[in-house]
Amino acid sequence: MYRSTEPELEDELSSLMEALVRTDLEAEAEEYTPAATGPLFDVACNGCAAGQCVACQSGACTACPVAGGGCRRIVFDAVVEAIKLARSTADKVDAATATSADSRNKEQKETARLYRFFFCHDPSWFISWAGGPSGATVSTRLRAVANELDGGRRLLFECRAQGGCNAFTIPGVHSTVFLCPPFWATQGLAGLPEVNRRAGTIIHEMLHNLYDLDDSRRFNNPAQPTPRRFDAHCYEVFLLRANGYGGDPTDVAACGQAPCEVF
Ligand SMILES: [Zn+2]
């Protein structure tokens, strides 16, 4: 089984090197020590091509609906893009947070505008219980997501048959992301290439994994004073828009259902 995965791993290594050249990840990685190892993950599914999937421990896996069986490559490309997007967004938020509103350049103004639109306040807004500006919390979470995706932990992506979702997590089931059929599909959303859409979905699910951000917290804990900072949909659509991509209208609507500040 391990022998049969070797060509696939070589393929991943060479595409990682291509991705590093393409996306500046190498230069960014130098800012972090120890050096990132690159994505570490398994895909659990049934019925895919040899070497694509590990055994399904849960017994509830389905086939990843990818023509040609290239499941790992699609996940790998999405994870590499997610690392890039999460770090790029953290940099943008930090730059806008550190610059007073009247001194911001064009890009910082746009980042702050989108931040206010989705999170309801300026990234520089001081949140007493967070011990700093709102933007610092958001950028710290996004950098942690990037670092965990970049080899900080080994992740399991498990294919499931559920409809009505791109992906989901289960509270208490750590380091695991469940991928639904629409994750693999060509959705053709405006201004949003499939690899970037999948990257946004993976970041969304990693926020659930790392921080227990809960899309339903607004129902479980309506007293939460800044609900959108706890809603993974808001992070997902904000980071795609801040990087010049379209947002998934489903995420825009879901984020908008969460109230703004509740005092
Ligand atoms: Zn969610």
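Visitor: What should the 18 residues of helix H7 span, and how far apart are its end C-alpha atoms?
Guide: H7 covers residues 194-211 and should span 26 Å at 1.5 Å a residue. The expected span is 1.5 Å times one less than the number of residues. The end C-alpha atoms are 26 Å apart, which agrees.

Visitor: Ground rules first. What am I looking at?
Guide: This is a predicted model: local features need pLDDT of at least 70, side-chain atom pairs count only at pLDDT 80 or more, and totals for chains, interfaces and linings use all residues. Residues are numbered from 1 along each chain as its sequence is written.

Visitor: How many helices and strands does the chain have?
Guide: There are 10 helices and six strands. Both are DSSP runs, numbered from the N terminus: helices are H or I with at least four residues, strands are E with at least two.

Visitor: Back to H7. How many of its residues are buried?
Guide: 13 of the 18, so H7 is largely enclosed by the rest of the structure. Buried means 20 or more other C-beta atoms within 10 Å of the residue's own; 12 or fewer is exposed, in between is partly exposed, and C-beta atoms are placed from the backbone.

Visitor: What comes just after H7?
Guide: Asp212, with a positive phi of about 55°.

Visitor: Which other residues have a positive phi without being glycine?
Guide: Cys120 is one, at about 80°. It sits in the loop between H4 and strand S2 (126-127). Ser175 is another, at about 55°. Its loop runs between strand S5 (167-168) and strand S6 (176-179).

Visitor: Now the core. Which residues touch the most other members?
Guide: In the largest nonpolar core, of 58 residues, they are Cys45, Val79, Ala82, Ala86, Ile203 and Phe238. Helix H3 (residues 71-98) gives the largest share, 13 residues. Such a core is a set of buried Ala, Val, Leu, Ile, Met, Phe, Trp, Tyr and Cys residues joined through C-beta atoms within 7 Å.

Visitor: What is Ala82 in contact with?
Guide: Leaving aside neighbours within four places in sequence, Ala82 is in contact with Leu149, Ala199, Ile202 and Ile203. Contact means C-beta atoms, placed from the backbone, within 7 Å.

Visitor: How do H3 and H5 cross?
Guide: Their axes come within 8 Å and cross at roughly 160°; H5 is residues 134-152. Axes are lines fitted to C-alpha atoms, for helices over the stretch in contact, and angles run from 0 to 180 degrees between N-to-C directions. H3 and H5 are therefore roughly antiparallel, the word for angles over 145 degrees. Among the residues making the contact are Ala82 and Ala86 of H3 and Leu149 of H5.

Visitor: And where is Pro39?
Guide: In the loop between helix H2 (25-29) and strand S1 (41-44). Pro39 counts as buried, with 23 C-beta neighbours inside 10 Å. Its contacts, leaving aside neighbours within four places in sequence, include Phe76, Val79 and Leu149.

Visitor: How far is Pro39 from Glu148?
Guide: They are 109 residues apart in sequence, and 8.4 Å apart in space, C-alpha to C-alpha.

Note on methods. Two residues are in contact if their C-beta atoms, placed from the backbone, lie within 7 Å. Angles under 35 degrees count as roughly parallel, over 145 as roughly antiparallel, 65 to 115 as roughly perpendicular and the rest as oblique.
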